[in-house]
Structure formats: structure tokens, C-alpha cells
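Thanks for coming, everyone. Could we have the structure up on the screen, please?

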Amino acid sequence: MSLPRVAVIGVGGVGGILAAALETAGASEVTLVARGAALASLASPDHGLRAVLCDGTRVDVAPRRVVDADALLARARGDPAARDPHDFVLLCTKAHQLAS
């Protein structure tokens with residue numbers, strides 16, 4: 001049985017905590033979807049994803065899969081065979097980041 005595929009779109013405060021928890025649990029295949037400086041930082045072997053939990057515990061995760069939001073959107077609009085399906089999508093962006 002394969003692991004469920006989860007895409008986290010918007011890896012900020014909320015998305016980062018959820019992604020760190022999912023990656024740490026190892027019970028799903030997590031894809032982080034980001035753009036700009038966040039994409040560069042998450043994809044960098046020197047940075048990755050760092051979350052600090054309420055109790056002060058620091059969780060450092062080297063994400064296994066980070067994709068560019070713009071590239072993902074271009075693929076989704078193009079050839080259906082090139083799409084990258086996921087079982088769950090967590091939309092963790094701010095409202096002003098979404099197209100009307």
C-alpha cells in the first residue's frame with residue numbers, strides 16, 4: 001500500500017507546522033508548494049523547513065519534495081498527463097495571495 005500524497009500550498013506559519021508534522025510522522029508523501037524566496041529557502045540543503053512548536057521544541061526537516069507554484073500551475077493548465085495528483089491538498093495561503 002502506498003502512502004497518501006499530501007500537497008501543502010503556502011508553507012508559512014500554518015502550512016509550515018502542518019508540513020513539519022506530516023514529514024516528521026513519515027506517514028505520508030509530502031509535497032511543499034512555494035514560490036520566490038520561500039521556494040529557494042525550502043529547496044536549499046542549508047535551510048529546509050524549521051518549525052518551533054508551542055513547547056519550544058525545534059523541528060528541522062529536510063523536505064523530500066519542493067515544487068515551484070508557478071511551474072505546478074503551468075503543468076495543471078497544460079497536458080492532463082503531466083499533472084501531479086495528490087490525495088489531499090492543504091491550502092495554507094493568505095486570502096490576498098489567491099486570485100479573485
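Predicted model: local features only at pLDDT ≥ 70, side-chain atom pairs only at ≥ 80, totals over all residues.

Residues are numbered from 1 along each chain as its sequence is written, and side-chain values use heavy atoms, with hydrogens and water left out.

Rolling a probe the size of a water molecule over the atoms shows where empty space is left. Here a pocket is an open set of points on a 1 Å grid over the protein atoms alone, where a 1.4 Å probe fits, with protein on both sides within 12 Å along at least five of seven lines. How big is the largest pocket in volume? About 670 Å³, where volume is the space filled by probe spheres set on the points, and the points are joined across faces, edges and corners.

Its lining has 28 residues, and lining means having an atom within 4 Å of a point. Nearest the centre of the pocket you'll find Ile9, Gly10, Val33, Ala69 and Thr93. The elements giving two or more residues to that lining are strands S1 (5-9), S2 (29-34) and S6 (88-91), plus helices H1 (13-25) and H3 (69-77). Those helices (H or I, at least four residues) and strands (E, at least two) are DSSP runs, numbered from the N terminus. H3 gives the most, with six residues.

Next, salt bridges: a side-chain nitrogen of Lys or Arg within 4 Å of a carboxyl oxygen of Asp or Glu. How many are there by this rule? Three.

Take Arg5 and Glu29, whose closest N and O atoms are 3.2 Å apart. Arg5 is in strand S1 and Glu29 in strand S2, so this pair ties together parts 24 residues apart in sequence. Glu29 is partly exposed, at 35% relative accessibility. Cut-offs for that: buried is under 20% relative accessible area, exposed is over 50%, partly exposed is in between (1.4 Å probe, protein chains only).

Then there's Arg64 with Glu23, where the closest N and O atoms are 3.0 Å apart. Arg64 sits in the loop between strand S4 (58-61) and strand S5 (66-68), while Glu23 is in helix H1, so the pair ties together parts 41 residues apart in sequence. Arg64 is exposed at 56%, whereas Glu23 is buried at 9%.

The remaining pair is Arg50 and Asp60, with closest N and O atoms 2.6 Å apart. Arg50 is in strand S3 (residues 49-52) and Asp60 in strand S4, so parts ten residues apart in sequence are tied together. Arg50 is exposed at 52%, and Asp60 is partly exposed at 49%.

Now helix H1. With 13 residues at 1.5 Å a residue, H1 should span 18 Å, and its end C-alpha atoms are 18 Å apart, which agrees. The expected span is 1.5 Å times one less than the number of residues.

Which residues of H1 are buried? Gly15, Gly16, Ala19, Ala20 and Glu23. Seen down the axis of H1, they fall within an arc of 130°, so they line one face of the helix; that arc is taken from the directions from the helix axis to the C-beta atoms. An α-helix has 3.6 residues a turn, so residues three or four places apart point the same way. Over on the other side of H1, Gly13, Val14, Thr24 and Ala25 are exposed.

Last, some distances. Ala20, buried at 3%, is 32 residues from Val52 in sequence and 9.7 Å from Val52 in space, C-alpha to C-alpha. His47 is in the loop between helix H2 (36-43) and S3, and the C-alpha atoms of His47 and Pro80, 33 residues apart along the chain, are separated by 33 Å.
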